[in-house]
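Take a walk through this model, starting with one chain and ending where two chains meet.

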Amino acid sequence: MVIPEFLAWLENTPVGTEVRQSTWMFPTIETVHVLATVMVVGSVAMLDLRLLNLAYRDRTIREVHEDVLPWTRVSFIFAAIAGSLLFSSSATKYYHNFTFRMKMLMLLLTGVNAAFFELWTYRGVAKWERETRIPLAAKIAGALGLLLWIGVVAFGRWTGFTK
Amino acid sequence: MIESFCDWLANTPLSLKIQTVMWIIPAVQTVHILCVALVMSCMAMMDLRLIGVAGRKHPISRMVGRFVPWVWGALPVLLATGTILIIGEPSRELLNPYFRFKMASLAVVIVVTFFVQRQNKRDATYWEARRIAATATGVFSLLLWVGIVTAGRWIAYY
C-alpha cells in the first residue's frame, strides 16, 4: 500500500476519528504519553548517568541495569501505544511534519544505541566491572543515550508548537 | 487584582522578549520536562517501594535516601523555568485553575516528601516498621505527582 493511502486509511479508522474529534480523548491520551515518556527518559537516564560514572556509584552497573530497564521497557510500551493513537488522529499531518520526523529519527537512534550496547558492549560487563574501569564504548552509549533522549523530548515538545 | 498584575507583567520588556523570541518558550519548557522526568522516575520508584509493589529487594530506607535528593536538586530548576514561563505568559498560568491546582498539589507533595525523608533520616527502620502508613504515604505521594504532571499538561487545554 502506498504511504499516503495508508495514512488516510489510518486517520479514518474509528479510533483515529474518535481521537481527532473528541474534546477530551486527545488531551487524555497525550497525558498518558507524557507520563509514560517522563518515566522512560528518567529511568534510562539513571543507567546513562551510571555508565558515565556520574551517579549511583555505590551500585554496580549490572545492578542499575537490572533495576532500571524493566521500568523503561514497560513505560516505553505505554508511551508507544499512546503515541500511536495520537499519531493516528492526524497521521498525514504528523507524517509530513519536520519536527515530528526528527523526533522519530532521534527515537530510532536511541534504539540503535541501546541495541549496540546490549548486544556488544554490555556482554563484557562481568569482566570490565571486575577491572573497575568503564570502557569508552559504555561511556559513549551513556552520553549518546542522554543526548538522543533530550532530542526526543525537545523535538516532541516542539511538534506541539508546529501543529 | 491578579488580572491587572498579569496585564502589567505581560507588557514588561522581559515578558515581551520571552513572547517574541520564538525558541525561548519551547526550550524552557523542554528543560522543565526533562526535570519532570528526573523527579517522576525517582518518586515513582520510591513511592511504589513504599507501597510495597516494586523494588522489594531494596530496603525502603535506601530507596528514600537514594531518590529524594534528586527532587531537591531539580526543584530550583523547575521553579526557575516555571518562573520564566509565567513571566512570558502570565495570564496563561496565573488565571488558570489547572495551574493553581498544580501549585497547591506541589506544596503538599513537598511537605510529604520532606516528611518521608526526615523520618527516614531519624530512624532507618521507620517506614519498614509501619507498613500501612508507608503504603498510604506512597499512594498519596504518587497521586500528587501524577496529578501535578497531568494538571501541568492540561494548562494548555483550559
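How many helices and strands are there in chain B? Chain B has 7 helices and 0 strands, where helices (H or I, at least four residues) and strands (E, at least two) are DSSP runs numbered from the N terminus. Its pattern along the sequence is α-α-α-α-α-α-α.

The model is predicted: local features need pLDDT of at least 70, side-chain atom pairs count only at pLDDT 80 or more, and totals for chains, interfaces and linings use all residues. Residues are numbered from 1 along each chain as its sequence is written, while chains are lettered from A and ligands numbered from 1 in the order in which they are written.

The C-alpha trace of chain B spans about 55 × 30 × 25 Å along its principal axes. Of its 158 residues, 30% count as buried. Buried means that 20 or more other C-beta atoms, placed from the backbone, lie within 10 Å of the residue's own; exposed means 12 or fewer, and partly exposed lies in between. Take contacts in chain B between residues at least 6 apart in sequence: 79% join residues at least 24 apart. Two residues are in contact if their C-beta atoms, placed from the backbone, lie within 7 Å.

Now look at helix 6 (residues 97-122) of chain B. Its buried residues include Lys102(B), Leu106(B), Val109(B), Thr113(B) and Asn120(B). The buried residues of this helix pack against helix 4 (60-88) and helix 7 (131-154) of chain B.

Next comes the meeting of the chains. Helix 3 (residues 25-51) of chain A and helix 3 (residues 24-51) of chain B have axes that come within 7 Å and cross at roughly 80°. That makes the two helices roughly perpendicular, a label for angles of 65 to 115 degrees. The axes are lines fitted to C-alpha atoms over the stretch in contact, with angles running from 0 to 180 degrees between N-to-C directions. Among the residues making the contact are Val38(A), Gly42(A), Ala37(B) and Met40(B).

Val38(A) touches Ile33(B), Val36(B), Ala37(B), Met40(B), Ser41(B) and Val149(B), leaving aside residues up to four places away in sequence. Where does Val38(A) stand in the largest nonpolar core? Of the 63 residues there, Val38(A), Ala37(B), Met40(B) and Met43(B) touch the most other members. Such a core is a set of buried Ala, Val, Leu, Ile, Met, Phe, Trp, Tyr and Cys residues joined through C-beta atoms within 7 Å. Helix 3 of chain B gives the largest share of this core, 14 residues.

Technical notes. Parallel < 35°, antiparallel > 145°, perpendicular 65-115°, else oblique. Expected span 1.5 Å × (residues − 1).
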